[in-house]
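Below are my notes on the model, as numbered points. Please read them alongside the sequence and the coordinates.

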Amino acid sequence: MKRLQLQRWSSTALSPRVRTNNRLHQQLYSTGLRLQSTVSPLQSESTISENVEDASFQNPDAMRHIRPQDTIAISLSPVEAATQSAKLAALHARLYLPSRLPLQTLARTLVDASADSNVDFNNESLATLGHDLLANYTSEHLICTYPRLPLSVTFAAMYAYVGPKTLAAISKEWGIDNATVPGGEVDPGFLQFRRVAPGTAVEDISQLQSARPYADQKKWRMTVSSKIFYDDEFGDAIKGSVALGQGVTDETARATFVRAVLGAIYLHAGRPAAKRFFEQHILSRHLNISELFNFSQPARDLARLCARENFEAPVAKIVSETGRKSRSPVFVVGIFSGQDKLGEGSGSSLMEARERAALSALKGWYLYTPINPRVPSSMEEEGAAPWKPAHIDLGEVIV
Amino acid sequence: MAASITMPKRPFLTLPFLLPSLTESLSIGAVRHQSSYRRTKQRLRVKPDASFGPSQQGRDQIIYNPPSSAPSVYHTPSKFLPANDVRRVMRPAAAATATTDVNELPSVYKTQPERKYHLTPEDVEEIRKLRLNDPMTWSRYSLAKKFECSPLFIAKVCGASPEKKAIQKQVLEAVQSRWGPKRRMAREDRKLRREAWGRDE
């Protein structure tokens with residue numbers, strides 16, 4: 001008769017801490033517990049208040065980040081958990097992170113505020129720093145490379161480079177997996193966050209925190225220039241952080257993680273390393289800015305531009321054509337100002353070709369790039385050449 | 001004749017090689033002959049570019065024959081370069097030789113509208129009064145005809161009254177209610193295509 005193994009049966013019913021020691025699982029679980037553990041052992045109100053009284057503080061809420069003594073006594077050192085995780089070491093090597101960035105910090109970047117509300121152990125502060133760095137580096141790159149770009153296109157390009165969707169895609173390319181539920185037994189190489197309850201409206205997750213007067217009037221027209229003053233770097237209304245009990249979406253958690261990684265690199269390895277990381281992972285992504293434009297009346301805008309810059313009025317001329325009387329004609333129309341050609345476009349009707357030509361001329365104006373554009377942060381490098389002011393002109397055509 | 005005895009399944013006219021003498025006299029429009037095929041192919045045989053010719057074989061060179069394509073929007077026209085940009089000085093030599101005279105090129109429009117600038121402030125006042133008081137008689141086009149200006153100018157000077165706009169909306173709805181699905185879809189597609197121009201798609 002075969003002998004039954006009762007210990008193995010108990011594993012399904014009991015949590016690893018309660019379970020009696022098993023030869024097989026002992027090694028695994030003893031190192032898996034961390035100080036950042038979100039599943040702190042159940043404690044009564046009395047234990048919390050005792051600890052708070054010990055620290056002689058009146059407000060327990062203000063001292064949320066202080067862990068009760070018994071938690072620390074039970075949890076094992078987080079150092080071992082982070083250093084023993086193969087996933088984390090692999091991620092560190094895969095991203096070619098500087099060796100001065102320890103694995104413990106990398107483990108911290110993977111803990112979202114919704115998984116661990118303690119600001120000393122989650123990635124919120126790192127993400128705030130990383131977010132500001134990303135916005136700064138991207139905006140200075142866009143403004144110095146394309147000094148005439150319209151503001152709405154700049155916002156769109158910012159969103160395409162460092163928007164939450166892009167950052168979430170980057171984290172997927174890095175090979176980050178989500179932990180199903182955050183907890184102390186989870187491998188620190190997983191991204192830990194508490195998910196939004198299914199069926200929650202996305203608008204309800206975070207409150208609007210805009211300084212704009214009448215911000216709740218969604219239908220009112222908002223000028224593009226007012227977005228610089230009131231809104232965030234993408235031209236969207238500023239939203240507050242997620243409430244404590246509520247979870248976050250997968251996209252938000254992943255974006256926060258990528259920002260936190262940049263913040264951690266900045267803190268541990270300094271500015272040059274952060275800049276290099278930004279260039280290698282964000283700026284290296286291909287973005288065709290000429291596809292972000294959408295004009296309603298390009299011919300009118302071009303006429304306004306030529307009048308403003310004291311050029312001759314633009315004239316549309318047929319450069320070449322084929323099959324005028326056929327079913328599928330092709331016209332090539334050029335837009336000229338004096339003897340200079342400003343743009344060229346082709347289309348199956350004269351009006352279409354003219355519109356496209358005016359559009360290409362406008363894009364030619366907007367996508368001007370100075371020779372060897374430099375960004376202000378390049379002055380931080382060793383032995384940088386003296387700063388020459390970036391090109392600034394009237395830029396956008398306002399009709 | 002051998003062909004009439006064997007009775008081929010296809011008619012004679014589509015098989016012209018069976019009737020070598022008759023095809024000359026018959027005028028068959030859409031039929032492709034062996035002879036015409038050869039002629040078409042001969043015409044399509046374009047001579048290679050001169051840079052590929054035997055005279056260039058002896059020495060080392062770079063052959064650059066780019067296919068014809070739309071110019072890149074990232075190439076800023078010389079006129080749009082700022083005054084202190086180096087590219088402004090570097091370019092004109094190449095540009096002067098390449099361009100033909102712009103005035104010789106045909107215009108997109110058949111006729112250029114003649115601009116008169118003849119209307120006085122009193123005329124503008126009268127236009128506004130007429131359009132406001134009797135919008136049914138004095139439409140944009142009738143006013144433009146009376147004052148010898150463009151309908152666009154009338155629209156710039158004064159807008160239609162709300163009553164007139166409501167009537168016009170009703171008329172439009174009445175017309176559109178008679179459209180069938182085909183016409184409606186064609187109209188919608190046209191609008192979508194027009195919007196795609198602005199995105200350069």
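**Notes on the predicted model**

1. The centres of domain 2 of chain A and domain 3 of chain A, taken over C-alpha atoms, are separated by 42 Å. Chain A is divided into domain 1 (6-77), domain 2 (86-199 + 239-291) and domain 3 (293-368), with bounds that come from an automatic or database domain assignment. Between domains 2 and 3 of chain A, seven residues of domain 2 are in contact with six residues of domain 3; contact requires C-beta atoms, placed from the backbone, within 7 Å. The domain 2 side of chain A that touches domain 3 has five nonpolar residues, one polar and one charged. Here Ala, Val, Leu, Ile, Met, Phe, Trp, Tyr, Cys and Pro count as nonpolar, Asp, Glu, Lys and Arg as charged, and the others, Gly among them, as polar.

2. On provenance, this is a predicted model, in which local features need pLDDT of at least 70 and side-chain atom pairs count only at pLDDT 80 or more, while totals for chains, interfaces and linings use all residues. Residues are numbered from 1 along each chain as its sequence is written, and chains are lettered from A and ligands numbered from 1 in the order in which they are written.

3. The contact between the chains takes 34 residues from chain A and 21 residues from chain B. On the side of chain B that touches chain A, 13 residues are nonpolar, five are polar and three are charged.

4. Chain A has an open sheet of three strands in the order β1-β2-β3, with antiparallel pairing. Strands (E, at least two residues) and helices (H or I, at least four) are DSSP runs numbered from the N terminus, and two strands pair if DSSP finds at least two bridges between them. β1 (315-322) and β3 of chain A are the edge strands, each pairing on one side only. Neighbouring strands of the sheet are turned by 25 degrees against each other on average, direction ignored. α15(A) packs on this sheet and touches β1, β2 and β3 of chain A; its direction makes about 135 degrees with that of β3(A). Axes are lines fitted to C-alpha atoms, for helices over the stretch in contact, and angles run from 0 to 180 degrees between N-to-C directions.

5. β2 (residues 330-337) and β3 (residues 340-347) of chain A pair in the antiparallel sense over seven bridges. Phe336(A) stands opposite Lys341(A) in β3(A), and Ser337(A) has Asp340(A) of β3(A) as its bridge partner. The hairpin of β2(A) and β3(A) has two residues between the strands, and Gly338(A) takes a positive phi near 70 degrees there.

6. The axes of α10 (residues 164-173) and α12 (residues 250-269) of chain A come within 8 Å and cross at roughly 75 degrees. α10(A) is therefore roughly perpendicular to α12(A), a class that covers 65 to 115 degrees. Among the residues making the contact are Leu167(A) and Ile170(A) of α10(A) and Phe257(A) and Val258(A) of α12(A). By class, the contact of α10(A) with α12(A) has seven nonpolar, two polar and four charged residues.

7. Two residues other than glycine deserve a look. Asn372(A) has a positive phi near 45 degrees and lies in the segment after α15 (350-366) of chain A. Asn372(A) counts as exposed because it has 6 C-beta neighbours inside 10 Å, the limit for exposed being 12 or fewer. Glu148(B) has a positive phi near 55 degrees and is found in the loop between α7 (140-147) and α8 (151-157) of chain B. With 10 C-beta neighbours inside 10 Å, Glu148(B) also counts as exposed.

Key. Two residues are in contact if their C-beta atoms, placed from the backbone, lie within 7 Å. Angles under 35 degrees count as roughly parallel, over 145 as roughly antiparallel, 65 to 115 as roughly perpendicular and the rest as oblique. A residue is buried if 20 or more other C-beta atoms lie within 10 Å of its own, exposed if 12 or fewer, and partly exposed in between; C-beta atoms are placed from the backbone.
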